[in-house]
Amino acid sequence: MDFYKFGDIEERFAELIWKHEPISSGELVKLCENELNWKKSTTYTVLKKLSEKGIFQNIKSEVTSLITRDEYYSMQSRYFVEDTFGGSLPKFLSAFFNGKKISERKMKELERLIEEYDEVEK
C-alpha cells in the first residue's frame, strides 16, 4: 500500500472501524449515522474509497482493517520525517528537542530504542 493520509473525517471513520472491528457493514452504517451524522450512502462511499486504498475491506458484509491503527500511524510518522526532514531522524529529533532538556529516563529510552534498531539492522 502506498501511503495515504486521512482527512479529518476519514480519520474519525477509521478510528470507528479500528475500535469496533470486525463490524458488520450494517452496524457500521448505524454507528456512522450516530457518531458522524452520515447517511448510509456516505458510509459506503468512504468505505469503498478506503478499501480501494488497501486500508479496509468489506467481505460478506464484514468490515475489517488490512492495516492496524498502529501500522497506519507508524507509516504517517515515517512519511512526515521523510517529507519534512529528508528522512533524517537526527534532524527530526533536533527540531523536536529544540532547546528543551531531555530527562535521564527519556535519554535511556532513546538509547535502548537505538540499540534495538541497531541489532535489527545487523
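Ser61 sits in the loop that joins strands E2 and E3. In this predicted model, Ser61 has a positive phi of about 65°, although it is not a glycine. Its surface is partly exposed, with a relative accessible area of 46%.

The loop between strand E2, residues 56-59, and strand E3, residues 62-65, also holds Lys60. Lys60 likewise has a positive phi, here about 50°, and is not a glycine. With a relative accessible area of 82%, Lys60 is exposed. I draw attention to these two backbone angles because most residues other than glycine have a negative phi.

A further backbone feature concerns the peptide bond from Glu21 to Pro22, which is cis, with omega near -10°. Pro22 belongs to the loop between H1 and strand E1, residues 23-24. For context, most peptide bonds are trans.

Let me turn to the helices. Helix H1, residues 8-20, packs against helix H3, residues 40-52, at an angle of about 85°, and their axes are 11 Å apart. H1 is therefore roughly perpendicular to H3. On the H1 side the contact involves Glu10, Phe13 and Ile17; on the H3 side it involves Thr43, Val46, Leu47, Lys49 and Leu50. By class, this contact comprises 5 nonpolar, 1 polar and 2 charged residues.

Leaving aside residues up to four places away in sequence, Thr43 touches Phe13, Leu28, Val29, Cys32 and Trp38.

Technical notes:
Residues are numbered from 1 along each chain as its sequence is written. This is a predicted model: local features need pLDDT of at least 70, side-chain atom pairs count only at pLDDT 80 or more; totals for chains, interfaces and linings use all residues. Side-chain values use heavy atoms; hydrogens and water are left out. Axes are lines fitted to C-alpha atoms, for helices over the stretch in contact, and angles run from 0 to 180 degrees between N-to-C directions. Helices (H or I, at least four residues) and strands (E, at least two) are DSSP runs, numbered from the N terminus. Angles under 35 degrees count as roughly parallel, over 145 as roughly antiparallel, 65 to 115 as roughly perpendicular and the rest as oblique. Contact means heavy atoms within 4.5 Å. Ala, Val, Leu, Ile, Met, Phe, Trp, Tyr, Cys and Pro count as nonpolar, Asp, Glu, Lys and Arg as charged, and the others, Gly among them, as polar. Buried means under 20% relative accessible area, exposed over 50%, partly exposed in between (1.4 Å probe, protein chains only).
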